[in-house]
Amino acid sequence: MSGDQPTPKMTNLPIGIEADGSRQEFDSMGTVDVPAHRYWGAQTQRSLLHFSIGTDLMPKEVYHAYGYVKKAAALVNAAAGRLPEWKEQAIVRAAEEAIAGKLDDHFPLYVWQTGSGTQSNMNVNEVLANRASQLLGGTLGTQKPVAPNDDVNMGQSSNDSFPTAMHIAAVKEFDEHLLPQARELAATIEAKAAEWAEIVKIGRTHLEDAVPLTVGQEWSGYAAQLRACVGEVEHSRLGLLALALGGTAVGTGLNAPTGFSRDVASKIAELTGTPFATAGNKFMAQGSLDPMVRAHGALRGLAVALMKIANDMRWLASGPRTGFAELQLPQNEPGSSIMPGKVNPTQCEAIVMIAIQVLGNDAAVAFAGSQGNFELNAMRPLIINNFLHSARILADGMEKFRTFSVSGTQLNQEKIRRYVDESLMLVTALSPVIGYQNAAHIAESALANGQTLKDAALASGHVDEKTFDSVVDPLSMVGHGVSGA
């Protein structure tokens with residue numbers, strides 16, 4: 001502001017605009033009427049006109065992440081003397097409101113928009129500029145005293161700020177929801193494995209009877225799957241810590257001050273408590289979305305593991321009279337509108353559906369990730385929408401699965417014992433004693449004649465009762481401990 005104008009003082013005006021009808025906002029293409037009770041400006045309104053496609057809105061987590069970007073940029077620009085302190089304070093206040101979700105109603109744009117995310121970046125710039133101007137006593141729509149491009153977007157472009165917001169949103173989703181839920185589910189399954197470490201059951205391969213193992217060993221496999229998936233997610237997360245901000249339009253850093261990329265990444269790390277750092281190569285960071293593709297690949301791996309676990313559980317709980325009926329799942333709600341007393345494995349079914357959705361999301365993310373052209377991948381909104389959708393439904397699904405299914409699952413030990421007693425594959429233990437062919441004929445005879453394995457073995461003349469009892473001992477066939485090592 002010129003020297004003869006007083007420096008605006010920031011007020012404590014609450015969020016909101018008490019106005020009816022519309023007001024005029026402007027951009028480089030002219031004026032546009034916008035709803036008077038909203039903070040957004042002309043470019044947001046143009047996007048609403050041109051891209052009201054479907055019902056898929058840009059995830060609010062992107063805008064919360066953008067709050068960190070704009071707050072950090074304002075703090076760095078002010079510290080370097082490029083932005084007056086009074087503007088910085090107002091922008092920071094507005095950005096903090098965005099981070100807290102208090103401005104969510106003012107971020108209305110659809111996923112299906114410009115592939116760079118420019119319209120969402122401008123939505124943030126316009127909302128924060130108008131809110132900051134309001135706090136400083138300015139008139140909305142004038143871009144005074146705070147302007148969306150010159151002040152809020154100072155030193156940035158959509159091409160480097162949008163992927164930065166994507167990474168921040170993705171890491172926060174991992175840290176605050178997905179990883180804690182995956183770890184808790186793995187721990188709950190590990191506790192079940194320890195509880196059932198000595199319960200012998202019959203294994204199954206090719207959907208057919210196999211040799212024994214313990215229930216604990218079977219469940220230790222589930223837990224190990226999840227722990228491995230957690231490790232993959234954690235590894236993929238490291239790639240998301242590299243931020244594109246400071247590369248501006250094509251990665252050269254044009255219009256970003258010297259040191260801006262390093263300083264703003266350091267500030268974002270400080271504000272979020274997460275070790276973000278500036279990307280070593282901005283051309284990779286902006287021309288590709290490879291870290292997002294790899295991170296969603298880790299979500300795909302988690303979905304695959306969860307589908308295996310949920311499918312095993314619902315099959316092992318099938319019945320109660322005509323299925324495997326080894327597991328007894330919690331009975332949470334009636335399962336049929338016509339069959340009284342029917343209860344279904346609904347939490348398992350939900351996990352399977354979630355996994356299927358994530359696999360579909362991953363196909364789209366991978367395809368979109370391959371569409372980087374020259375210095376920009378312009379499929380960003382699709383990728384971050386699918387990424388956050390996958391991470392959230394996996395996290396929520398694991399929480400419900402753990403709480404309402406896994407934690408309360410019990411064993412039908414009578415059924416498990418009967419399967420062990422009736423199994424023909426226990427004959428495998430006799431193979432080293434009497435030979436594979438003789439053991440195979442004993443199993444075949446028992447099945448054909450409806451005999452127990454022991455009766456068929458004794459009738460064969462290849463083994464006596466003492467030898468059979470000492471060799472065909474299910475507990476001795478399962479290895480040592482939960483791991484089976």
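I began with Arg402 and found this residue buried, its relative accessible area being 14%. The model is a predicted one.

Next I looked up the partner of Arg402. Glu184 makes a salt bridge with Arg402, with 3.5 Å between the closest N and O atoms. Glu184 sits in helix α6 and Arg402 in helix α12 (residues 380-406), so this pair ties together parts 218 residues apart in sequence. I noted Glu184 as partly exposed, at a relative accessible area of 39%.

I then checked Arg183. This residue is in helix α6, which spans residues 158-195. Its relative accessibility is 33%, so I count Arg183 as partly exposed. Setting aside neighbours within four places in sequence, I found Arg183 in contact with Arg227, Val230 and Glu234. I also took the C-alpha separation of Arg183 and Asn361: 23 Å, for residues 178 apart along the chain.

I searched the whole structure for salt bridges and got 22. Among them is the pair Asp362 and Arg300, whose closest N and O atoms are 3.1 Å apart. Asp362 belongs to helix α11 (residues 346-369) and Arg300 to helix α10 (residues 290-316), so the bridge ties together parts 62 residues apart in sequence. I recorded Asp362 as buried at 8% relative accessible area, and Arg300 as partly exposed at 39%.

I looked at Asp469 and Lys454, whose side chains meet in a salt bridge at 3.1 Å, N to O. Asp469 lies in helix α17 (residues 465-471) and Lys454 in helix α16 (residues 453-460), so parts 15 residues apart in sequence are tied together. Asp469 is partly exposed at 41%; Lys454 is partly exposed at 24%.

Last, I noted a network of salt bridges linking Lys201, Arg204, Glu218 and Glu326.

How values were computed:
Residues numbered from 1 in each chain as written. Predicted model: local features only at pLDDT ≥ 70, side-chain atom pairs only at ≥ 80, totals over all residues. Heavy atoms only, no water. Helix = DSSP H or I, 4+ residues; strand = E, 2+ residues; numbered from the N terminus. Buried < 20%, exposed > 50% of the residue type's maximum accessible area, 1.4 Å probe, protein only. Contact = heavy atoms within 4.5 Å. Salt bridge = Lys/Arg side-chain N within 4 Å of Asp/Glu carboxyl O.
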